[in-house]
Amino acid sequence: MKPEEAAQDIRNKARAYGDAKAQRVYLEEVRKSKKALLMKDALQMGYEAANAQEREAYADPEYHTLLKGLAAAIAQEETLRWEIEASRLDVEIWRTREATNRLQDRAHQ
């Protein structure tokens, strides 16, 4: 891949990466709120102890659904992050090759 193409690839993925990271962070924060709401529900159902409330919150199907969404967001973010990193490496490989070519040219003069 040419360095210009690699740089453009990074630019093309930058927005998607930012969106994916924002979604991941959002879901991490929503998870805390969801846990608190589910613990509150457990309290209303008669679970007085905080650990019992927490157990009920973690066992709730809505919490599991949220975790699946969080896992998908993390997968998307990490995929984009490594695609961007691969493009950066393409640029570095090109730079190294160019430096090697310059050294070889000087050696033959």
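A residue counts as exposed when its relative accessible area is over 50%, and as buried when that area is under 20%. The views below show a predicted model.

**View 1. The two sides of helix α2.** The buried residues of α2 are A52, Q53 and A57. Viewed along the helix axis, these buried residues fall within an arc of 140°, so they line one face of α2. The face turned away from that buried side carries N51 and A59, which are exposed. The packing partners of the buried residues of α2 are α1 and α3 (61-107).

**View 2. Helix α1 against helix α2.** Helix α1 covers residues 3-44 and helix α2 covers residues 50-59; their axes lie 8 Å apart, at an angle of about 120°. On the α1 side the contact involves K35, L38, M39, A42 and L43, and on the α2 side A50, Q53, E54, E56, A57 and Y58. Seven residues of this contact are nonpolar, one is polar and three are charged.

**View 3. Helix α2 against helix α3.** Here the axes of α2 and α3 are 5 Å apart and the packing angle is about 60°. The two helices, α2 and α3, are therefore also described as oblique to each other. A57, Y58 and A59 of α2 make the contact with P61, Y63 and H64 of α3. Of the residues in the contact of α2 with α3, five are nonpolar, one is polar and none is charged.

Note on methods: Residues numbered from 1 in each chain as written. Predicted model: local features only at pLDDT ≥ 70, side-chain atom pairs only at ≥ 80, totals over all residues. Heavy atoms only, no water. Axes fitted to C-alpha atoms, helices over the stretch in contact; angles between N-to-C directions. Helix = DSSP H or I, 4+ residues; strand = E, 2+ residues; numbered from the N terminus. Contact = heavy atoms within 4.5 Å. Nonpolar A, V, L, I, M, F, W, Y, C, P; charged D, E, K, R; others polar. Buried < 20%, exposed > 50% of the residue type's maximum accessible area, 1.4 Å probe, protein only. Arc of directions from axis to C-beta. Parallel < 35°, antiparallel > 145°, perpendicular 65-115°, else oblique.
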